[in-house]
Amino acid sequence: MTVITRHSEFYLEDGSITLQIEDVLYKLHISLLRKFSVVFKDMFSMPPSSSQPNHHEGMSDESPVKLGLPFTFKSPPLEGLVSILELGMFLQIDVARSFAIQALSTDSLNLSPARQLSLALRFHISDWIELAFKALVATPAHRLSLEDASFLGLTIMHIIHSTQSEIRHLHLVLAYNPLKMDKHDVLCKRPALGCQASWEAAWWDGFARHYLHPDHPCTPLEALAKFESANIAGVTAACRLQAVEFIRDHGVFDREYGILEEGLKLLKKFEGTVVGV
């Protein structure tokens, strides 16, 4: 037989409502619960039942308001905060939800991007979704762990992997096909094939090397910035800067950001669902 006990700290003798969570009783103040929870506000505005006209649920230990939630004030920090977040959403207590999100964002908890994305989708934390998704896409596939997969589930991992694969393919295409230098500076002494050949050699050795790095690939703009500041033998500074400017002005690398946005749009369809295990 389950023994029901009063919480040592949150059973207040002058409280006005008794709650039961699992096998523990809490006695709190209705005014505060009404203030911070739409659910409690509506609940305590209801008239008493016809069978007990003089007795509201929650007015005694024998008739508490029962909340079937996995919540306890003695939970470990991380799981306790997740429980507060769940409780805050279930009871529509914005202050509890905000508190949990802020606490979960602290560096001391060091949430992995996979855990962060899992919580973000489950609890509608929109600010985390894009941040965590981009961090996961930027993580080499071989560094995504089994634990990451358990947090996210097969479908979300597939979206991440597909996005990674599309971006990787784009990287290879762009790295393999250097921009053709149709225009040259007036001071360029090798405006035909010589300048283009020097540019292509530098593209492979400079831009592509940073862009395709196996462990720490640069973003398109980072790789282009490195290339922009490099001295290229056989290509004047003006020709080099003109070519870099053309790349930027014509959005040569915009497709990568488009792939990310497509993956993010697909991912957000799962907002509000429990992913992983």
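Is D215 buried, partly exposed or exposed? In this predicted model, D215 has a relative accessible area of 30%. Buried would require under 20%, and exposed over 50%. D215 is therefore partly exposed. The residue sits in the loop between α8 (193-211) and α9 (220-228). Leaving out residues up to four places away in sequence, D215 touches P140, H142 and R143.

Most residues other than glycine have a negative phi. N110 is not a glycine, yet its phi is positive, at about 50°. N110 is placed in the loop between α4 (94-104) and α5 (113-122). Its relative accessible area is 64%, so N110 is exposed. H124 is likewise not a glycine, and its phi is positive, at about 55°. H124 belongs to the loop between α5 and α6. With 38% relative accessibility, H124 counts as partly exposed.

Helix packing comes next. Helix α6 spans residues 126-138, and helix α7 spans residues 146-176. The two pack at an angle of about 60°, with their axes 9 Å apart. Angles of 65 to 115 degrees would count as roughly perpendicular, and those under 35 as roughly parallel. The pair α6 and α7 is therefore oblique. Their crossing is right-handed. On the α6 side, the contact is made by F133, L136 and V137. On the α7 side, L152, I159, I160, T163, Q164 and I167 take part. Seven of these contact residues are nonpolar, two are polar and none is charged.

The nonpolar interior can now be described. In soluble globular proteins, nonpolar side chains tend to be buried together. The largest nonpolar core in this model holds 55 residues. Within this core, L117, L152, I156, I160, W199 and L267 touch the most other members. Helix α7 gives the largest share of the core, nine residues. What does L267 contact, leaving aside its neighbours within four places in sequence? The partners of L267 are L117, L121, I129, F133, I156 and I159. One of these partners, F133, also belongs to the α6 side of the contact with α7. Another, I159, belongs to the α7 side of that contact. A second core is separate and has 14 residues. Its members include I17, Y26, I30 and L67.

Technical notes:
Residues are numbered from 1 along each chain as its sequence is written. This is a predicted model: local features need pLDDT of at least 70, side-chain atom pairs count only at pLDDT 80 or more; totals for chains, interfaces and linings use all residues. Side-chain values use heavy atoms; hydrogens and water are left out. Axes are lines fitted to C-alpha atoms, for helices over the stretch in contact, and angles run from 0 to 180 degrees between N-to-C directions. Helices (H or I, at least four residues) and strands (E, at least two) are DSSP runs, numbered from the N terminus. Angles under 35 degrees count as roughly parallel, over 145 as roughly antiparallel, 65 to 115 as roughly perpendicular and the rest as oblique. A crossing is left-handed if the near helix is turned anticlockwise from the far one by less than a right angle, and right-handed if clockwise. Contact means heavy atoms within 4.5 Å. Ala, Val, Leu, Ile, Met, Phe, Trp, Tyr, Cys and Pro count as nonpolar, Asp, Glu, Lys and Arg as charged, and the others, Gly among them, as polar. Buried means under 20% relative accessible area, exposed over 50%, partly exposed in between (1.4 Å probe, protein chains only). A nonpolar core is a set of buried Ala, Val, Leu, Ile, Met, Phe, Trp, Tyr and Cys residues joined through side-chain atoms within 4.5 Å.
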